[in-house]
Protein chains: 4
Amino acid sequence: MFKGHIVLEEVSPDLLMMFRIRNVLLNTRTKYQEVQIVDLHGFGRALILDNYIQSTELDEYIYHETLVHPPMTSHPNPMDILIIGGSEGATLREVLKHSCVERVVMVDIDGELIEYTRKYLETMHKGAFESEKLRLVIGDGYKYVMEAGPDQFDVVILDLTDPYSSEIAKKLYSVEFYMGIKNILRPYGVMVTQAGNSFFYADAYLEARENIREVFDNLLEYWAWIPSFGYNCNFIMASDYKESLSITPDEADKRLSKRGVETRLYNGDYHMSLLKQGIIVNREFL
Amino acid sequence: MFKGHIVLEEVSPDLLMMFRIRNVLLNTRTKYQEVQIVDLHGFGRALILDNYIQSTELDEYIYHETLVHPPMTSHPNPMDILIIGGSEGATLREVLKHSCVERVVMVDIDGELIEYTRKYLETMHKGAFESEKLRLVIGDGYKYVMEAGPDQFDVVILDLTDPYSSEIAKKLYSVEFYMGIKNILRPYGVMVTQAGNSFFYADAYLEARENIREVFDNLLEYWAWIPSFGYNCNFIMASDYKESLSITPDEADKRLSKRGVETRLYNGDYHMSLLKQGIIVNREFL
Amino acid sequence: MFKGHIVLEEVSPDLLMMFRIRNVLLNTRTKYQEVQIVDLHGFGRALILDNYIQSTELDEYIYHETLVHPPMTSHPNPMDILIIGGSEGATLREVLKHSCVERVVMVDIDGELIEYTRKYLETMHKGAFESEKLRLVIGDGYKYVMEAGPDQFDVVILDLTDPYSSEIAKKLYSVEFYMGIKNILRPYGVMVTQAGNSFFYADAYLEARENIREVFDNLLEYWAWIPSFGYNCNFIMASDYKESLSITPDEADKRLSKRGVETRLYNGDYHMSLLKQGIIVNREFL
Amino acid sequence: MFKGHIVLEEVSPDLLMMFRIRNVLLNTRTKYQEVQIVDLHGFGRALILDNYIQSTELDEYIYHETLVHPPMTSHPNPMDILIIGGSEGATLREVLKHSCVERVVMVDIDGELIEYTRKYLETMHKGAFESEKLRLVIGDGYKYVMEAGPDQFDVVILDLTDPYSSEIAKKLYSVEFYMGIKNILRPYGVMVTQAGNSFFYADAYLEARENIREVFDNLLEYWAWIPSFGYNCNFIMASDYKESLSITPDEADKRLSKRGVETRLYNGDYHMSLLKQGIIVNREFL
């Protein structure tokens, strides 16, 4: 029987999902958001921010591999990486798999949240927060990008909450912010952002895409089904260097191998399939 | 406020979805199954069998294009087509887009259901039931296949309910049935089946796949997100002729053009991305 | 498994109920309200207005006996009765059980709704609409009361939707309206109104009670649990004649017997228990 | 918006309720049952055992006053009291209001649960566990009753989980157990038990009632709406002494006053209304 503790989540105004909670490890409010860390039946340990499931133990690898490896592998030699958001530490974990990486700066506004994820989400960060390559900055990602000098990073990864799910994230999808990103990227630099869902929230998606297009010469869109989201999550990669978005499947596999990257899902074929499939931007509900 | 009439659907034992009903057009039980045809907020007209949403006006094209065009386009010249199931008429609609098709036999066990879909799901079948190329057989698809003589069809499309959702469909995923399909296929023949969901229902998926593998020399797996299903729907194509599963994107686009096929989603790139992405067969829940 | 068609109803902002729909007989919108007539698992045929369950076959007798018989039995000789609302016809059915009744005027604003209830809710009205004592007026109850001359009725029964559930009903809980009621009541006349729920909606309840108190010299409050409402439904009886609200249990039983009234629940003891129990007006949620 | 953490509770096989959780203070499993202590929106602090809400801060006084004061007030001079169950300490709190009480034995099988309620449910027990009149026994109530000698108690209060909600409670509704109760009661002794819900679970209710009837000469039934239960909760009082079940409202008020009992709801009128209202035992669902 489906009863007891439930997470009731709004996928869209016309679609709710219900998950079964086995245990609640944390239920609090930081300065910035409501934070819940729970064990779900079937999905395992999960992070919930402002009532939206961000990651579950069962399927977070799909999200994090799909966010991180396309830009990391596309770049010929990513050494300095910037992550904005990514509090679970799983984006960091994937970045560090690339042996060429020398330095990762991770900026998250919510230091209290990071303390919780370090404590409760070990299955996600796998100790990545201990890496000597990491410089963890508790602060405003927008401000950090705007104030950093030029030519600092090879890859910038925006692992944010959805623009429609919270107020924190909105300015992190703006033209000004993308110009800041462009400024701190080195030659051949690549950025990627998660971008919500283009089927149920086309307007927010289109606005983010338009903003990126205004700033970067080249842009690639892709999406992947994340079971605990109930939908395909969208991503947008961008670069001013066409060659940084043009890797072949074979070359991707070679780079992964050379950099010692082991994944559960991502490889050269998956990379190509992501970029060829064609996302759906749905603007009409019935 | 999310209230009023709701469809509460079990995606997995640990995940429910709720849709909002605007209107109920039909709520009955045929000899074979519970049938509901409703208008959903956001998703439009929808067919529900035994409490599982089969198709909605909003997104059925994703399912039907992804089911039909990969095998139809892979085959060099499909003239005689067999559809088992597909009561909405939308699979038929997509098949008929290929101008090379001369004859479609569609076998559905539930004649009463077909009457309802013809009446209420015009947005899905778009009048396809009127085609002179169609021979509609109300009967048991299993029996039809077993009793048809050899070398009858170029493409066989199995548009069935999930093996775990109803008793009707189970034998339509069996080795015996696939051997029957093989028998009625002509040289270069291709079959495709929808195959439920390999993430939440791995066992049923693996059993179907194993059964197909026992019978056919070549097999391709793919999946695609269907918003109203809440998950990626799996498909399996099979053929004894490797060349019938090896089309290039360019050749696919050429065939579509030559046959006058217009689609909303499917094209050569989409075809390739489907086959390269790698599906996930999940066997461990937490 | 609790799945399929559901009615999701808001009992309070902090409490929802879900019922299982077996069949939908009607789902429409009249000029005045959304109307659904469904068969519920467990509760049988049900009338739903603007997403609130009004009556179910299983338990409507509790509501209707508790609304009608306290005022009817309290009055020494009710001959002319006015019902405002009561579209199911079940209030009418209970009134007609009192053989002393000579005339019932029933005023409901929604003629289309009455057509539906006559057709689909035979288990509720039990043919009461055919009574020769009935004068059915399709029109605005407020206007009817205001324009009727004085001294017309012995008992007035207000069988309305909740003041907080729809806009239609609000003026039917106003001081002006109660003064109109007072005007059309004869000596010894009694009125009764259903009054929502004083536990979850104290403000609406208190406002109605205050308005009645301004107009009538004597007032009695009672409530009873209606299973399909999920709460105790409140009622308020009022009269300018103290003796019309002061019946003993024995006298109540005698009057029922003399008038040939047969009930499933109501009797003299029940009458007294209603008036002695003390309702709860809850003004503080946590 | 009704979303986030939810308690989904089965009121009956055809009716679910959903409450909104603000905070989870405890979520564990003792040797005997699942225990959750949460803060609910609207209802405040709540105790949940095996997925059934037992008590909420908002409305527990309705349940506990209605359970305790009818038998306590009916008895002319209750000095020695036995409570079986009642882990929240609120039954104890109400018993101790009667100044004539000299000794209360409270037997609960789940010592771990008592530790939690003492810690988290101060608003319910109000420090009653500190009373010098209390002897708290962690142990099997059935065994305790069977092994206690005769003529020990004036009032026995069975504050149990429902017979249909858990296995623990079943033998505490048996003939053997009621014979044990009869044995330990002194002359004029009275027992009371909560008895689930006679509308949705008639069979369990009737079985309990029949068992009591076999053992005691006199029996009184009553029920009261408990908002967080979603239904009227039934109670059965029994005694071999008719005079112990025959108090008048005036005498009840006098006894309350003499014993210094202050209540929010219970008084002589409420007592009488409980006993006169007539409960509904529903045996037919539709």
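## Where chains A and B meet

In this predicted model, 100% of the interface residues of chain A are also interface residues in chain B, so the copies meet through the same surface. Contact here means that the C-beta atoms of two residues, placed from the backbone, lie within 7 Å. By that rule, 34 residues of chain A touch 34 residues of chain B. On the chain A side, the elements that give two or more residues are strand S2 (15-29), strand S12 (231-239) and helix H9 (268-276). S2(A) gives the largest share, six residues. Helices (H or I, at least four residues) and strands (E, at least two) are DSSP runs, numbered from the N terminus.

What about the kinds of residue on that side of chain A? There are 20 nonpolar, nine polar and five charged ones. Ala, Val, Leu, Ile, Met, Phe, Trp, Tyr, Cys and Pro count as nonpolar, Asp, Glu, Lys and Arg as charged, and the others, Gly among them, as polar.

## Strand to strand

S2(A) and strand S2 (residues 15-29) of chain B run antiparallel and are joined by five bridges. Strands pair if DSSP finds at least two bridges between them. Take Leu15(A): its bridge partner in S2(B) is Phe19(B).

## Chain A by itself

Chain A has nine helices and 12 strands. Its C-alpha trace spans about 55 × 50 × 35 Å along the principal axes.

## A look at Glu34(D)

Over in chain D, Glu34(D) sits in strand S3 (residues 34-40). It counts as partly exposed because it has 15 C-beta neighbours inside 10 Å. Leu49(D) is 15 residues away from Glu34(D) in sequence, but 5.5 Å away in space, C-alpha to C-alpha.

## Reading the labels

Residues are numbered from 1 along each chain as its sequence is written, while chains are lettered from A and ligands numbered from 1 in the order in which they are written. As the model is predicted, local features need pLDDT of at least 70 and side-chain atom pairs count only at pLDDT 80 or more, while totals for chains, interfaces and linings use all residues.

Key:
A residue is buried if 20 or more other C-beta atoms lie within 10 Å of its own, exposed if 12 or fewer, and partly exposed in between; C-beta atoms are placed from the backbone.
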